[in-house]
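Subject: Structure for you to look at

Hello,

Here is the structure I said I would pass on. Please open it beside this email and follow along; my notes come after it.

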Amino acid sequence: LMKFDLGQRAKHIRSIPVRLGSGKDAILFVYSADEGVDPGEEYYHHPTDTLKLALFDGDGTRRWVKDLGSGVIPGIWFCPVLALDLNMDGADEIYFLNNKNPKTPFSFVYRKLEAIDPDTGEVCGSWDWPDNTFNERLSLCYRFYLAAGYADGKPVLITSQGTYGDMYLQGYGPGMVKLWDKVISKDEPGPRASHLTPVLDFNDDGADELFWGERLLSVRDGSEVLCCDRDRYNGHSDLVIPFVDFDTGEKFIFTCREGDERPGEPRIVTFNSDGSYKWRAVDGEGHMHFAWLATFGTPQKPRRVFMVMQEVQYWGETQMERGAP
C-alpha cells in the first residue's frame, strides 16, 4: 500500500502507470484542486486551479512536476493524457494535449499534442492538433481523446476529436508516422462513441480493436470490424465492457446507453461477438450513466453481476437512481 503526496488538495485526479527508461515502473498523477471541467454547456464551470502532471517512482519519490498553466482546462476531455512507448526505446513517452497560449484556453491555433520524456520531464515532441470540430458547439467541440493499441506487435497511438456529432480518428505508428484517418459523420447510421473505450484483440486477428462505443475499429488501419445495432441505434453509449464467459470462452460486449434512442429501444444490452443480442433490459427512455462488471464467487464457481446507475435530471439538477438489473 503506497501513499503519494501531491503537495495540495485535489478534486480531479487521474493516475497512469509509466515505464521508465531504466525498466522500472513509475506512476503519473494528473490533478487539479478544481473538479474536472466538462465541456457541456450546462456543466461547464470556470476552473479555479491549473492542471498539473507529477511523476513518482515506485517508492513514492517525486521525480518531477509540470504545471500546465491557465491555457489548459483541467478536464479529461480538454486534456487527455496517455503513456505509450511509441518510439519503442523501452520507455513510455507521456502524451498529452497542451495549449501553448495561457490567455486563450479555447484556442485551436495553440493546441498541441505533446510528448514528455518520463525520465527528465522535458517535452520531447510536439505536433499540431486537428481543428476539425472548431465549428461545433462547446459540448461537441472540445471532446478530445487519446487511446493506444498494438497491431502486428507494433504500437499505434490513436488521437480523436468528437463524441456525439461528427467523429474523427487518426492512427500513428512509431516515428509519429500517420497510418490512417477515420471519419464517422453525424449522419452515418450506427451508434456513436463512448466515454470508456477498451482496446484489445477481440477477433484474434493480430491487431487490437478500439471499442469506439458499440463500433469496433481496427487499430491496424482504422477499418470497421463490427458495428452493433447499426440500423437500430444512433445514440451514445456511456461505456462498453467486453468480457469472456468463464465456462465456454465465448466473448460478449456489454453496454449501457445514454440517449438519442428511438422509443422502446433497450438501454442496457449484452451483444454476442457477432453483434447479435445476447440479452437486453430496460426498454424505453433513460440515461444509463454508470455501470460496471463485478465477479463474485470462487475461481471454481465464479459469477458475473452488472450494476447500472441511471441519471435523472430535474430542472437542471442531477440525481442518480441506482439499480441492479
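Is C79 buried or exposed? C79 counts as buried, because its relative accessibility is 0%. Buried means under 20% relative accessible area, exposed means over 50%, and partly exposed is what lies in between, with a 1.4 Å probe and protein chains only.

Before the rest, a word on the source. This is a predicted model, in which local features need pLDDT of at least 70 and side-chain atom pairs count only at pLDDT 80 or more, while totals for chains, interfaces and linings use all residues. Residues are numbered from 1 along each chain as its sequence is written, and side-chain values use heavy atoms, with hydrogens and water left out.

Cysteines

A disulfide is a pair of cysteine sulfur atoms within 2.5 Å. By this rule the count is 0 disulfides. C79 is in none, and the nearest cysteine sulfur, that of C124, is 15 Å away. C227 is in no disulfide either; the nearest cysteine sulfur to C227 belongs to C228, at 6.9 Å. C227 counts as buried because its relative accessibility is 14%.

Strands

Helices (H or I, at least four residues) and strands (E, at least two) are DSSP runs, numbered from the N terminus. Two strands pair if DSSP finds at least two bridges between them.

An open sheet is formed by 4 strands in the order β9-β10-β11-β12, with antiparallel pairing. The edges are β9 (144-151) and β12 (177-184); each has a single partner strand, so one side of each is left without a neighbour in the sheet. From one strand to the next, the twist averages 20°. For such angles, axes are lines fitted to C-alpha atoms (for helices, over the stretch in contact), and the angles run from 0 to 180 degrees between N-to-C directions.

Within that sheet, β10 (residues 154-161) pairs with β11 (residues 167-173) in the antiparallel sense over 5 bridges. To find this pairing in the model, look for L157, which stands opposite Y172 in β11.

Another antiparallel pair is β15 (residues 215-218) with β16 (residues 224-227), over 3 bridges. L216 has L226 in β16 as its bridge partner. These two strands, β15 and β16, form a hairpin with 5 residues between them, and G222 in the turn has a positive phi of about 80°.

Salt bridges

Side chains of opposite charge can pair when their charged atoms come close. A salt bridge is a side-chain nitrogen of Lys or Arg within 4 Å of a carboxyl oxygen of Asp or Glu. The structure holds 19 salt bridges.

One of them joins D49 and K52, at 2.8 Å from N to O. D49 is buried, with a relative accessible area of 19%, and K52 is buried at 9% relative accessibility.

Another joins R63 and D57, at 2.5 Å from N to O. R63 is partly exposed, with a relative accessible area of 37%, whereas D57 counts as buried at 18%.

E214 is buried, with a relative accessible area of 0%, and R257 is buried with a relative accessible area of 0%.

Regards
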